[in-house]
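Let's take a walk through a protein model together.

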Amino acid sequence: VRAELLTDAAGQISLSPELNEVLSPDSRTYMGLWVRNYERVMSKIFSPKGLSGAIRDGRAQWPAVFGAEVSNPFLLTKVYPGIFNDLMEGMHQANITDDENLAAQVDKTGVWNVLDIGGASGAWATALADSSRQIEDIQIYDLKDGMPLYQAIYKRFAGSKQRPIQWVDGN
């Protein structure tokens, strides 16, 4: 209750409206996928054991934590099938509100085109473009291997957007 994650109404404890929003699968800011997979992936990457393993072995962090067959996040599916999709969807949803708030504060005077390097599903670029009528063109520059997934996530969560996005192979 003190952290404002729960509310206490007449002795009945319940989830706060904000927590309820991010834990509802129907919410556009649902973080359940991210939370569910955090322990399996991110906590291992950023743990003292994961970091020291990468430093001690002198190799990239992904293989140091998950084994030689996982040299980048795209290959996590070799260890956890379906996890990359869950993580990317979770990341997209977790960033939506922050992206919109930040985009509203950016001066877009004279900006007609957006090139988002490493933009994945386009959450940031779309938020930026949606905050300015003058932006006409959005390009996402990212790894080709992830593009089908990024495009599916965009279609699922931002498919109602009228702005076309062009994904550019960033290999």
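In which kind of crossing does H6 pass H7, left-handed or right-handed? H6 passes H7 in a right-handed crossing, where right-handed means that the near helix is turned clockwise from the far one by less than a right angle, and left-handed means anticlockwise.

Before we go on, a word on what you're looking at. This is a predicted model, in which local features need pLDDT of at least 70 and side-chain atom pairs count only at pLDDT 80 or more, while totals for chains, interfaces and linings use all residues. Residues are numbered from 1 along each chain as its sequence is written, and side-chain values use heavy atoms, with hydrogens and water left out.

Now for the overall layout. The chain holds 8 helices and 5 strands; these are DSSP runs numbered from the N terminus, with helices being H or I over at least four residues and strands being E over at least two.

H6 covers residues 83-105 and H7 covers residues 123-130, and their axes come within 9 Å, crossing at roughly 30 degrees. Those axes are lines fitted to C-alpha atoms over the stretch in contact, with angles running from 0 to 180 degrees between N-to-C directions. Angles under 35 degrees count as roughly parallel, and H6 and H7 are therefore roughly parallel to each other. On the H6 side, the contact (heavy atoms within 4.5 Å) is made by His92, Asp99, Glu100, Leu102 and Ala103, and on the H7 side by Ala123, Trp124, Ala127 and Leu128.

How many of the residues of H7 are buried? That's 6 of its 8 residues, so H7 is mostly covered, with buried meaning under 20% relative accessible area, exposed over 50% and partly exposed in between (1.4 Å probe, protein chains only). The buried ones are Ala123, Ala125, Thr126, Ala127, Leu128 and Ala129. They pack against H6, strand S3 (113-117), strand S4 (137-142), H8 and strand S5 (165-169).

Glutamate 89 in helix H6 and arginine 156 in helix H8 (residues 147-158) are 67 residues apart, yet their side chains meet in a salt bridge (2.5 Å, N to O). A salt bridge here is a side-chain nitrogen of Lys or Arg within 4 Å of a carboxyl oxygen of Asp or Glu. Glutamate 89 counts as buried at 8% relative accessibility, whereas arginine 156 is exposed at 54%.

Terms used
Parallel < 35°, antiparallel > 145°, perpendicular 65-115°, else oblique.
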